[in-house]
Amino acid sequence: MRRDMQEVLERWGRWAAREEYCSLLDCPAMSVMPQRAIASGKPGCSDEDGMAIDTCVAHMSTVRNREDILILGQRFIGGLSLRQIAEAMGFNTWCQNVSQSV
């Protein structure tokens, strides 16, 4: 059975925003984020799926940059758009330059 990874990660994000044992919520930058994913009213994933994905993300944090993992959390747990994440990380001038050149 094939699942849409975007939807799987969105459901994990809603699950993680509700759970106190999500590995990304220990990150100080994630703890100050607005938890818009909680208020969406959409269903999260099951505890079993949530723990499996959370374990994968925790393992991913050993081989990826901290910023990559933070982007993942901001997108799926915090519910931020890619533009909001870019602006928060200081890439707003890069975004403006790209949009002006198109």
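Biologist: What pattern does the protein chain follow, read along the sequence?

Modeller: The pattern is α-α-α-α-α-α. The protein chain has six helices and zero strands. Helices (H or I, at least four residues) and strands (E, at least two) are DSSP runs, numbered from the N terminus. Before we go on, this is a predicted model: local features need pLDDT of at least 70, side-chain atom pairs count only at pLDDT 80 or more, and totals for chains, interfaces and linings use all residues. Residues are numbered from 1 along each chain as its sequence is written, and side-chain values use heavy atoms, leaving out hydrogens and water.

Biologist: Good. What share of the residues is buried?

Modeller: Buried residues are 31% of the 102 in the protein chain. Buried means under 20% relative accessible area, exposed over 50%, and partly exposed in between (1.4 Å probe, protein chains only).

Biologist: And how much accessible surface does the protein chain have?

Modeller: About 6800 Å². Carbon and sulfur atoms hold 54% of that surface. The areas come from the Shrake-Rupley method with a 1.4 Å probe, and for residues only the protein chains shown count as cover.

Biologist: On to the inside. Which residues touch the most other members of the largest nonpolar core?

Modeller: Trp 12, Ile 53 and Val 57, out of 13 residues in that core. A nonpolar core here is a set of buried Ala, Val, Leu, Ile, Met, Phe, Trp, Tyr and Cys residues joined through side-chain atoms within 4.5 Å.

Biologist: Which helices supply at least two residues of this core?

Modeller: Helix H1 (5–18), helix H3 (47–60) and helix H4 (66–76) each do. H1 gives the largest share, six residues. As background, nonpolar side chains in soluble globular proteins tend to be buried together.

Biologist: Tell me about H1, then. Which of its residues are buried?

Modeller: Val 8, Leu 9, Trp 12, Gly 13, Arg 14, Trp 15, Ala 16 and Ala 17. The buried residues of H1 pack against H3 and H4.

Biologist: How far does H1 reach?

Modeller: H1 has 14 residues and spans 20 Å from its first C-alpha to its last. That is close to the 20 Å expected at 1.5 Å a residue. The expected span is 1.5 Å times one less than the number of residues.

Biologist: Changing topic. How many salt bridges are there?

Modeller: Two. The rule is a side-chain nitrogen of Lys or Arg within 4 Å of a carboxyl oxygen of Asp or Glu. Arg 11 pairs with Glu 7, with the closest N and O atoms 3.3 Å apart. Arg 64 pairs with Asp 68, where the closest N and O atoms are 2.9 Å apart.

Biologist: How do Arg 11 and Glu 7 sit in helix H1?

Modeller: They are four residues apart, so about one helical turn separates them. Arg 11 is partly exposed at 29% relative accessibility. Glu 7 is partly exposed too, at 38%.

Biologist: And what are the relative accessible areas of Arg 64 and Asp 68?

Modeller: Arg 64 has 47%, and Asp 68 has 26%. Arg 64 counts as partly exposed, and so does Asp 68.

Biologist: Is Cys 45 buried or exposed? What about Cys 56, buried or exposed?

Modeller: Cys 45 is buried, at 14% relative accessible area. Cys 56 is exposed, at 52%.

Key. Contact means heavy atoms within 4.5 Å.
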